[in-house]
Amino acid sequence: MLKKISNSFVPTLIWALIIVVGSLLSSSKVPSIAVSDKGIHFFFYAIFAFLLYFPVYRTKRIAFSFLGSAVIIVLIGFTFGALIELVQDRYIVGRFGEWLDLVANSLGLLVGALVGVIFKRKAVL
């Protein structure tokens, strides 16, 4: 069951939707959290990369290596995060796109993809 779920893009799409909704809410609707904003970005994008790693790696049409899959995931995640920051900056009242958010997203993507590589090599999932 877990392998079937890890091969699917569905968990990744659900998580991406959570990121989009959380990122595009007006700042007046976002609850105040005592944790660093950058830490939240890191954590959410690390999970995104981890969830995306296995279905990308197992895509039958294109054979990616462990590392090739990680690079694809970081590029997809970086583009996704950059688009969200752009939309926040231009269209969401009370929200601003920040370069440091993009840095935190990227670091989270790298760590999440690396954890995916380690899990795959250890045959955990």
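Q: How many residues does helix 3 have, and how far does helix 3 reach from its first C-alpha to its last?
A: Helices are DSSP runs of H or I with at least four residues, strands are runs of E with at least two, and both are numbered from the N terminus. The expected span of a helix is 1.5 Å times one less than its number of residues. Helix 3 covers residues 37-57, which is 21 residues, and reaches 30 Å, close to the 30 Å expected. This is a predicted model, in which local features need pLDDT of at least 70 and side-chain atom pairs count only at pLDDT 80 or more, while totals for chains, interfaces and linings use all residues. Residues are numbered from 1 along each chain as its sequence is written, and side-chain values use heavy atoms, with hydrogens and water left out.

Q: How many helices and strands does the protein have?
A: The protein has five helices and zero strands. From the N terminus on, the order is α-α-α-α-α.

Q: Which residues of helix 3 are buried?
A: Buried means under 20% relative accessible area, exposed means over 50%, and partly exposed lies in between (1.4 Å probe, protein chains only). An α-helix has 3.6 residues a turn, so residues three or four places apart point the same way. In helix 3 the buried residues include His-41, Tyr-45, Phe-48, Ala-49 and Leu-52. Phe-43 also lies in helix 3, but Phe-43 counts as partly exposed because its relative accessibility is 47%.

Q: Is Asp-101 buried or exposed?
A: Asp-101 sits in helix 5. Asp-101 counts as buried because its relative accessibility is 3%.

Q: What does the side chain of Asp-101 join?
A: A polar contact is a pair of N or O atoms within 3.5 Å; within protein, one must be able to donate a hydrogen and the other to accept it, and residues adjacent in sequence count only if both atoms are side-chain atoms. The side chains of Asp-101 and Lys-38 are joined by such a contact of 2.6 Å. The backbone nitrogen of Lys-38 also has a side-chain oxygen of Ser-36 within 3.2 Å, at the start of helix 3.

Q: Which residues does Asp-101 touch, not counting residues up to four places away in sequence?
A: Contact means heavy atoms within 4.5 Å. With that exclusion, Asp-101 touches Asp-37, Lys-38, His-41 and Glu-85.

Q: What share of the protein's residues counts as buried?
A: Of its 125 residues, 34% are buried.
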